[in-house]
Amino acid sequence: MGFGIFIHRSDSIYDDSPAEQYQFPSQYLGRVQACLGDWIIYYEPRKVAATRGYFAVAKVAQIIPDTKAAGMYLALIEPGSYLDFINPVPFGGPDGVIERGLLNEEGRISGRAQAAVRPISAADFNRIVSIGLDELEPELPRLDEPREMRLSNGFDDRVQAPFVVEEERERVAQLSSRIVRDRLFRRLVLQAYDKRCAITGLKLINGGGRAEVDAAHIRPVEANGPDILCNGIALSGTAHWMFDRGLIGLSDKLEILISRQANDRESIRGLINKTGRAIVPFRSIE
């Protein structure tokens, strides 16, 4: 097992759904097999307009032939493992390329950078994930949410080699922690919606700087709903309660629907923003 980089384009010709599967040709089978049972990082190439760079992590659970396309395979992603980064991670930074394993002996970018699937060292994996998930300005939680120490930056060359294995274990444990994932998912969704409830349109920040809005999974975690931005919606406490209980819902065109079972439909209608449609995220989603 080992960490890897999977290149994914938003305009990809492949049958990719990053939170569920990654399609690839047989020439990369060996490299993908090396990642089986371990974590990979998704990367969008620099030549893609408005590239997201390194944008998410996921765990490879299974590799199967694609019965719909000759010579193609599918890397199936472990349900619940996909996680979007809350910070953009570009290919290069002030100190050079982030993925240092791509440098040759002369310190130049090697041809490995063009590979759609490539292995990545534990040090590079930790560096990229640390930047992508670092809560530089932690989002204050609601009073009823559990607190946990934020992810450490980890972007420090002074870390000595003997600690790399422990850092790797800590990072993987964080990626698997439901508490950590819920906190990061909330940060991701609140950023996208500018801390505004998609149903009411209200943006309420209390005196302590805490946003009175929740990050709800559209498809619940219990039903393998992924921690991906397009599966999230920002809701105020009351709207979240009604959403979870089926009193309100959304159509495919984002129209806000009120259940016939609701006992006070007019009052609910009064809470809905004037457009009658869910507010579109400030940050675009696929």
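How many cavities of 30 Å³ or more does a search of the whole structure find? I found 1. For this search I took a cavity to be a set of points, on a 1 Å grid over the protein atoms alone, where a 1.4 Å probe fits but cannot get out.

**Entry 1. Basis.** I worked on a predicted model, in which local features need pLDDT of at least 70 and side-chain atom pairs count only at pLDDT 80 or more, while totals for chains, interfaces and linings use all residues. Residues are numbered from 1 along each chain as its sequence is written, and side-chain values use heavy atoms, with hydrogens and water left out.

**Entry 2. Whole chain.** I counted 6 helices and 13 strands in the protein chain. These are DSSP runs numbered from the N terminus, helices being H or I of at least four residues and strands E of at least two. Of the 286 residues, 47% count as buried, that is, under 20% relative accessible area with a 1.4 Å probe and protein chains only; exposed is over 50%, and partly exposed lies in between. I also looked up contacts (heavy atoms within 4.5 Å). Among those between residues at least 6 apart in sequence, 65% join residues at least 24 apart.

Entry 3. I recorded about 40 Å³ of space in the largest cavity. That volume is the space filled by probe spheres set on the grid points, which are joined across faces, edges and corners. Lining residues have an atom within 4 Å of a point; here they are K195, C197, T200, L202, K203, L204, E212, V213 and S236. I noted that the lining divides into 4 nonpolar, 2 polar and 3 charged residues. The classes are Ala, Val, Leu, Ile, Met, Phe, Trp, Tyr, Cys and Pro as nonpolar, Asp, Glu, Lys and Arg as charged, and the others, Gly among them, as polar.

Entry 4. I returned to K195, one of the lining residues, and found a positive phi of about 60° although K195 is not a glycine. K195 sits in the loop between α4 (178–192) and β10 (214–217) and is partly exposed, at a relative accessible area of 27%. N224, also not a glycine, has a positive phi of about 65°. I placed N224 in the loop between β10 and β11 (232–235), where its relative accessible area of 46% makes it partly exposed.

**Entry 5. β10.** On which sides of β10 do D214, A215, A216 and H217 point? I saw D214 and A216 point one way and A215 and H217 the other way, and all are buried. β10 and β11 run antiparallel and are joined by 4 bridges; strands count as paired if DSSP finds at least two bridges between them. D214 stands opposite L235 in β11.

Entry 6. Because 11 of the 15 residues are buried, α4 is largely enclosed by the rest of the structure; among the buried ones are R181, R183, R186 and R187. α2 is mostly covered, with 10 of its 12 residues buried, including D124, N126 and R127.

**Entry 7. Strands around β5.** I found β5 (residues 72–77) antiparallel to β2 (residues 21–25), with 5 bridges between them and Q21 opposite L76. β4 (residues 54–65) also runs antiparallel to β5, again with 5 bridges, and P65 stands opposite Y73. β4 and β5 form a hairpin with 6 residues between them; in the turn, G71 has a positive phi of about 75°.

Entry 8. S26 lies in the loop between β2 and α1 (29–33) and is partly exposed at 43% relative accessibility. Leaving aside neighbours within four places in sequence, I found S26 in contact with G71 and Y73. S81, in the loop between β5 and β6 (83–89), is buried, with a relative accessible area of 3%. With the neighbours within four places again left aside, S81 is in contact with W39, V57, A58, K59 and R181. I noted that its C-alpha atom is separated by 7.9 Å from that of A19, 62 residues apart along the chain.

How values were computed:
1 Å grid on protein atoms, 1.4 Å probe; cavity = no way out; pocket = protein on both sides within 12 Å on 5 of 7 lines; lining within 4 Å.
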